[in-house]
Amino acid sequence: MIKLAKVVEIKDPLEKGRIQVRVYPEFKELKKDDLPWAYPKMTVYNDVNFIPKIDSFLYLEISEDWVTFTYLDSVDYILNNYRYKEIKEILDEIDEVSSFEYPDPDFKINPNGFIEFFNKTNKETGYVHSSGTYVVFKENGDYYIKNPDLFEIHFSENKIEMKNLKSFTIDGSAETNLSLDIENGKLELTGITDVIFKDSTNVALGGATESAVLYAPLKTILDTLLTHTHPFSYSAGPTPAVGTTEISPALTPLDPTTIESDQVTLT
Amino acid sequence: MGKIGKYSVDIEINGAAVEVIPSNISFVLGDSINSFYSKATLTINDLEGYGLESRIFTSGSKITFVFGYEENIIKTSFIVDFTETLDPIKSGQLSGKLVIYLIHESFALSERKSESLSNKPSGDIEALFNYSFEDTDIEETKELTFDRLYRPFMNEKETIEKILLPNSISSNSSPSAYFCFIDIKGKLTYKSFSGMVALEPSYSLIQNLTDDLENYYLKIYSILPFTEKLESVKDHIVYDLSYFDNKSLELISEEVEIANVALGGYPIFKTEISSNPYFMNIENFDYLDRDKAHIYNLQKDSLLPDKLIVSTPLFLNYTSGKTVTIKTKYGKNDVSYSYSKKYLIEKASHLWNGKNNQGSTQLILSKPFPEFPANSTIEKGVY
């Protein structure tokens, strides 16, 4: 049988998700200590663990001999609790949700306000968090993760678009990361040992497009290294102190055959 | 009325003695292991319609019978449940045979209420009532594996039948259904089938050979070797009990002992079609014992298929739940080994027939464990 009950205690001494309940009207007068503990009833396929609030009302399934008491842990059976209009107001504000017209969508509202929806007609599905962040999946597989005030990412076939970002970081480890500070116009590579422009035609630096891999300046440098066999002086450090000149050891001639074409294009 | 020969027959209505013509009344006082309250029927030839006009037999009126033979007299009270009038004698006038159906007086004291009980039905049984009994016979039950039972706004009878009986397993006898009833002497019995049939016979009955009231019967009215319909038995008797252990995920099967003991001898059970394994959907193994008790309780109607209906002189000590032995014969005065056995009194009815000013007792005797073929052992006490 199904009976209405009020939750009077949720701290289950056995920590098995049981709740102590007052069944109406039969147990209206019983002392709290004498009231039964109801077990949650859940399927292995919908493993939702949820403990109702104290003083909330729910429906219990009770055996004919009043020995077993169970509650459906993910559902409060409350009359007139169908909240379509309330959810529609929220979803109408989301551009990516193309339709949420009664009776197409199924939806679920978790106790913390988290919304899950599924439109049976156009197959759109998604989630809305109470912070305003939402995820919308389109039938073709496109999906959006968006918070209108914070970020917007759109995944589609072979493409990821990110908008409204102030920064973007790929944090590989403590020593290696790529950080793009869009707001301050700064790209920072930390611990990146190789930067490879492969099969590139042009690389734009300082607003101008230069020949690939700045071929001419690089060739000059390499030629110098090939021919320079004498010691030369340099100033140690970014701001050398006056009079401190050190002599470097002689350079070993560079063997051009060790420069692989995959690394530097010389022709 | 008072004395009629060696019989005592007196009736009080709402505490006041009533003068009625003995030949105009008949009544039956009865108890049964299958009925919680003992019941009675009073039939009055209301020739002039005074019984109807006075409305003294309205529902709720208390009727007390003082009834017996020689020194064996009881005083027992009932409440009018309902009445009906049959065979009007005078057209257009109140008259006819007034039949008054009565239920034991404790019914009037019953109350609906909610309370929590312990986890031991035999400990709860007496505490349910706000009145006491002349006598009690309560067989101890096991403590259940959960904290408590509940009485959810139920009266005593409902609580016993819906809450306590289905959760009772004897702590002494082999597992079997429990029965609870109040006999016409006001004794409350709460006992398992195994506990009742294990009782030593109270009386040994032979046919018409002695003036000793306790030890003879007048007639066997009916012999019912198998009162159950085969179809019903085939569909309802549980032989094996299976359930999934949701921890080991193994199927566990147990034999339901009482079914095999009580009914296993019948030829129908030798056939494969009679097999009726029962599968329990166990949700919580804390309740396994209770679930087994339910199975035993469900089968209680089929436990006593062999019945005799026997008439004896009026003897009010025959009450339901006692055992007796019967000696009967067949052929050329040969002792019947099939039917000269120990029987349980399933129902006892004590009759006053005003037409011939005579009392009698009619018993439904049920044989717990028939054998096929009958063995040649004469039950202890049968001579």
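1. Contact here means heavy atoms within 4.5 Å. On that basis, residues 24 or more positions apart account for 32% of the contacts in chain A with a separation of 6 or more. The model is predicted, and the points below should be read with that in mind.

2. Chain A holds two helices and 19 strands. Of its 267 residues, 25% count as buried.

3. The interface between the chains comes next. On the chain B side, 19 residues are in contact with 16 residues of chain A. About 1300 Å² is buried between chain B and chain A, and carbon and sulfur atoms give 55% of that area.

4. Which residues form the salt bridge between the chains? B:Arg148 pairs with A:Asp34, with the closest N and O atoms 3.4 Å apart. The count of salt bridges between chain B and chain A is one. For polar contacts between the two chains, the count is seven residue pairs, both residues being at pLDDT 80 or more. The elements of chain B that give two or more residues to the side touching chain A are strand E9 (113-116), strand E11 (150-154), helix H4 (156-164) and helix H8 (288-298). E11(B) supplies the largest share of that side, four residues. By class, the side of chain B that touches chain A has eight nonpolar, five polar and six charged residues.

5. In H8(B), eight of the eleven residues are buried, so the helix is largely enclosed by the rest of the structure. The buried residues are B:Leu288, B:Arg290, B:Asp291, B:Lys292, B:Ala293, B:Ile295, B:Tyr296 and B:Asn297. The list thus includes B:Arg290, B:Asp291 and B:Lys292, which count as charged.

6. In H4(B), the buried residues are B:Glu156, B:Glu158, B:Thr159, B:Ile160, B:Ile163 and B:Leu164. Their cover includes strand E5 (35-46), helix H2 (106-109), helix H3 (121-124), E11, strand E12 (178-182) and strand E13 (187-192) of chain B. At the start of H4(B), a side-chain oxygen of B:Asn155 comes to within 3.1 Å of the backbone nitrogen of B:Lys157.

7. In soluble globular proteins, nonpolar side chains tend to be buried together. Here the largest nonpolar core has 41 residues, and those with the most contacts inside it are A:Leu60, A:Trp66, A:Phe69, B:Ile160 and B:Leu164. That list names residues of chain A and of chain B. Leaving aside residues up to four places away in sequence, B:Ile160 touches B:Phe36, B:Ile125, B:Leu128, B:Phe129, B:Leu165, B:Pro166, B:Cys180 and B:Tyr190. Apart from this core lies another, of 25 residues, among them B:Tyr7, B:Ile13, B:Phe67 and B:Leu314.

8. Is B:Asn72 buried or exposed? B:Asn72 has a relative accessible area of 16%, so it counts as buried, the cut-off being under 20%. B:Asn72 lies in strand E7 (residues 72-86) of chain B. Its side chain makes a polar contact with the side chain of B:Asn317 (3.5 Å). Residues up to four places away in sequence aside, B:Asn72 touches B:Phe67, B:Phe315, B:Leu316 and B:Asn317. One of these, B:Phe67, is also listed among the residues of the 25-residue core.

9. Most residues other than glycine have a negative phi, and most peptide bonds are trans. A cis peptide bond joins A:Tyr24 and A:Pro25, with omega about 0°. A:Pro25 sits in the loop between strand E2 (19-23) and strand E3 (37-41) of chain A. Another cis peptide bond joins A:Tyr102 and A:Pro103, where omega is about 5°. A:Pro103 is in the loop between helix H1 (84-91) and strand E6 (105-109) of chain A.

10. Which residue of chain A has a positive phi of about 75° although it is not a glycine? That residue is A:Asp55, found in the loop between E3 and strand E4 (57-62) of chain A. With a relative accessible area of 48%, A:Asp55 is partly exposed. In chain B, B:Asn357 has a positive phi of about 50° and is likewise not a glycine. B:Asn357 lies in the loop between strand E24 (342-353) and strand E25 (358-367) of chain B. B:Asn357 counts as partly exposed because its relative accessibility is 35%.

Key: Residues numbered from 1 in each chain as written. Chains lettered and ligands numbered in written order. Predicted model: local features only at pLDDT ≥ 70, side-chain atom pairs only at ≥ 80, totals over all residues. Heavy atoms only, no water. Buried area = accessible area lost by both parts, 1.4 Å probe. Salt bridge = Lys/Arg side-chain N within 4 Å of Asp/Glu carboxyl O. Polar contact = N/O pair within 3.5 Å; in protein donor to acceptor, adjacent residues only side chain to side chain. Core = buried A, V, L, I, M, F, W, Y, C linked by side-chain atoms within 4.5 Å. Buried < 20%, exposed > 50% of the residue type's maximum accessible area, 1.4 Å probe, protein only.
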